[in-house]
Amino acid sequence: MGLALPLAGLVAAQDDPRRKARPQPNDRLVFARGDRQGQPIMLADLPAGGPLLTAYPMDPTAKVVRDDSRLNQILLVRLDPSRLNGDTRERAADGVVAYSAVCTHTGCDTWDWQPESSTIKCPCHFSEFDLKESARVMNGPAPRRLPALPLKVVDGALAVAGGFVGRPGFEAGG
Ligand code: FES
């Protein structure tokens, strides 16, 4: 009995639908991996010009990280606001832009950062996206841009200002 309750709690936590839900307004962003996995990402954690960071959204009240769907992986990078196009600048917070981290071609989720052009390249089939311009496709087989995620800053921490613009994932069931 002493073990039953913690185990039940663990199972309940694993099945928590909040972990699968897409990012919600006011969610905080937390490190997806590394030494600080699960900790809030502060504006100061993002140096201007990169590198990229990968985040998950977290319900700010219940502190539930929405990490039970790979489609909730979010790419973050801080760019020069004067180089962003209008829509991108409106969605950015102090130059930090956010996009779905899942390639719209066949769903890879690792990226090569190209700081000179503020673009990213997918190493799977070499699609390139321009993060200054709403992640438009510059090259490669990706059929559409990466969905953008509007951001804001709350008490120095990065937070979600609205849902994904477009559907994260890829065409073949992503
Ligand atoms: S999965 Fe990214 S280009 Fe194919």
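This is a predicted model: local features need pLDDT of at least 70, side-chain atom pairs count only at pLDDT 80 or more; totals for chains, interfaces and linings use all residues.
Two strands are taken to pair if DSSP finds at least two bridges between them.

The loop between β5 (112-114) and β6 (119-121) contains Ser-118. This residue is partly exposed, because 19 other C-beta atoms lie within 10 Å of its own, whereas a residue is counted as buried if the number is 20 or more. When neighbours within four places in sequence are left aside, Ser-118 is in contact with Leu-79, Arg-83, Leu-131 and Lys-132. Leu-71 is 47 residues from Ser-118 along the chain, and the C-alpha atoms of these two residues are separated by 23 Å.

With regard to the overall fold, the chain comprises two helices and 10 strands. Along the sequence, these elements follow the pattern α-β-β-β-α-β-β-β-β-β-β-β. The radius of gyration of the chain is 17 Å, close to the 16 Å given by the globule rule for 174 residues, and the chain is therefore as compact as a globular protein of that length. Taken along the principal axes, the box filled by the C-alpha atoms has dimensions of roughly 60 × 40 × 25 Å. Of the contacts in the chain with a separation of 6 or more, 56% are accounted for by residues 24 or more positions apart.

In soluble globular proteins, nonpolar side chains tend to be buried together. In the present model, the largest nonpolar core has 42 residues, and those with the most contacts inside it are Ala-55, Ile-74, Leu-76, Val-96, Ala-98, Tyr-99 and Leu-151. At least two residues of this core are supplied by each of β1 (28-31), β2 (53-58), β3 (74-78), β4 (96-100) and β10. Not counting residues up to four places away in sequence, Ile-74 touches Leu-29, Ala-55, Tyr-56, Pro-57, Ala-98, Ser-100, Ala-101 and Leu-149.

Strands β3 and β4 are themselves paired in the antiparallel sense, over five bridges. Here Arg-78 stands opposite Val-96 in β4. Five of the five residues of β4 are buried, so this strand is largely enclosed by the rest of the structure.

A further antiparallel pair is formed by β9 (residues 151-154) and β10 (residues 157-160), which are joined by four bridges. Val-153 stands opposite Leu-158 in β10. The hairpin of β9 and β10 has two residues between the strands, and Asp-155 takes a positive phi near 55° in this hairpin.

Technical notes
Residues are numbered from 1 along each chain as its sequence is written. A residue is buried if 20 or more other C-beta atoms lie within 10 Å of its own, exposed if 12 or fewer, and partly exposed in between; C-beta atoms are placed from the backbone. Two residues are in contact if their C-beta atoms, placed from the backbone, lie within 7 Å. The radius of gyration is taken over C-alpha atoms; the globule rule is 2.2 Å times the number of residues to the power 0.38. A nonpolar core is a set of buried Ala, Val, Leu, Ile, Met, Phe, Trp, Tyr and Cys residues joined through C-beta atoms within 7 Å.
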